[in-house]
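Thanks for sending this one over.

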Amino acid sequence: MVGFPGCSAGFLLPLFLLQVSTWCPAASGFSVKGPAEPILVLLGADATLPCQLSPEQSAARMHIRWYRARLSPAVLVYQNGQEQGGEQMLEYRGRTELVGDSTGKGTVALLIHHVRASDDGQYRCHFKDGHISQEATVELHVIGLGSAPHVHMTGLEDGGIRVLCSSGGWFPKPKVQWSGMVGVKLPSLSESQTQDGDGLFYVEASLVVMDSSLGNVTCSIQNPLSGQEKVSTIFLPEPFFPRMSPWRIALAGTLPVLAVLLMGISYTGWREHQAKERAVKKRKKESDERDQMKKEKEMAVTDKGTLGQQGKSEVHENAGVHYWRKALLYPDWRKEQFQPALVTVNHKMFCQNNSDPEGKENLREETQDPSLSNKQGDCNLITLHQEAFTLGRHYWEIDIEDTDEWTLGIYEEPTDSNDLQKEKFRVLERKGNKYRALACCLQAISLEKPLLIEKCPQKIVIFLDYEDGDISFYNMTDDTHIFSFTQAIFSGSLYPYFKLRSMDFSPSAQY
């Protein structure tokens, strides 16, 4: 056997084991650890995705690559001590970097600026040292909180009121929930969700409310990841729900019996005669409706002074029917429940300057007739041609056109006419592009609520229910509900109120 001179087998074995122990650290390599839980970040904020070498060692000379589904192109590439932009995905250029200066300890964190919806998902941090490579997975969840829900009534359906809730800017797909006043959950009639070009969700959900005593209905939209939600509530006045009269209920019960009896009638000629008669009535009704709509359209574009001089009951009643048809409520039922108020609007009656005696004298001559005088001061442009409101349900409409400053609503005259401190106003006010609802007396405000009105109203209809203490305002330009004073307590006489300026709470103010 041939051997090494001067060496024995007992010497070679320890030498071999020493060499193997020198190789082992390089062969054992390293591992990469990422966070156990997903990283949550708000849309538009910055996200930090951490990775750590184990055992702790320098990563300065390693090839580091952050990527999504494929190794190339990558989110970020780090090699030879600096970032490499040649393989970077276009959507991440200028938005990513390595955080801090901890590569010497094996800590590598990816910073993504201005997170988008498309950034949501898995990321992999890949480390390569020579022929050894390891990687870990990091989960990023993007949270988009959308706009506050917009809730409004769209009309009557199946014996109830249909309500629509919409909101945009959510990510991921949000959850929609309807509920009543006591928190009872209500099922949606329909729901649709669509994504825009940025990947954000727009949601629409509808509900048909059948219970007239429900009052408030709430729409809440929730992000499923963070649990954060946004809520909006709408008030549904009980008088807006349709009420079926007894004769209609009886007719509904007898219709099946009548249908069975009619099937046994074999008089074809009589049925043809009835069909022709119905067709004639239908054509006549359609013709009358077209003529009525044409007449109302012509009335709406006439001079405001002409409309003020024609302030008769039938004019207001026809206008009320037209606009509530646009609001998709039953016009025949509404005429039975609300009475048109006999009012006229005098757009020529403006507040006179105290130093203009001639203007004051002309104003006194115009209001000399007691039946045409108003009791709310010379600035009120509405004249009431009937007794003050002390009970019942009434409505009237005001054409405000493009006026950029006005106050509109109800004036309550105190029982003691000498006590002016108890005068009360419940009004809507516009000043420029700002709207608000006010409940106030001469020098004190008991309620003030700013209002967001998307489309400037050209016509407003006011509904007054004295017994229920309800005053509701509707924008007839886009058929939307503006605001309601509910559960108000009236103790005096009520008058319509309208002036072409905002409220003034100075001691010398004149209303």
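Which hand does the link of Cys 51 and Cys 125 have, going by the angle about the S-S bond?

1. The link is left-handed, with -65 degrees about the S-S bond of Cys 51 and Cys 125. Please keep in mind that this is a predicted model. The sulfur atoms of Cys 51 and Cys 125 sit 1.8 Å apart.

2. The structure has 2 disulfides, and Cys 165 with Cys 219 makes one of them, at 2.1 Å from S to S. The link of Cys 165 and Cys 219 is left-handed too, at -75 degrees about the S-S bond. Here again distant parts of the chain are joined, with Cys 165 in strand β12 (residues 160-170) and Cys 219 in strand β17 (residues 216-222), 54 residues apart. Cys 165 and Cys 219 are both buried.

3. Cys 441 takes part in no disulfide. The nearest cysteine sulfur to that of Cys 441 belongs to Cys 440, 6.9 Å away. As for Cys 456, this residue is partly exposed, with a relative accessible area of 32%.

4. Now for the overall picture. The protein has 7 helices and 30 strands, and 39% of its 511 residues count as buried. Of the contacts between residues at least 6 apart in sequence, 60% join residues at least 24 apart.

5. Lastly, the surface: the accessible area of the protein is about 29,300 Å², and carbon and sulfur atoms account for 54% of that.

How values were computed:
Residues are numbered from 1 along each chain as its sequence is written. This is a predicted model: local features need pLDDT of at least 70, side-chain atom pairs count only at pLDDT 80 or more; totals for chains, interfaces and linings use all residues. Side-chain values use heavy atoms; hydrogens and water are left out. Helices (H or I, at least four residues) and strands (E, at least two) are DSSP runs, numbered from the N terminus. Buried means under 20% relative accessible area, exposed over 50%, partly exposed in between (1.4 Å probe, protein chains only). Contact means heavy atoms within 4.5 Å. Accessible areas come from the Shrake-Rupley method with a 1.4 Å probe; for residues, only the protein chains shown count as cover. A disulfide is a pair of cysteine sulfur atoms within 2.5 Å.
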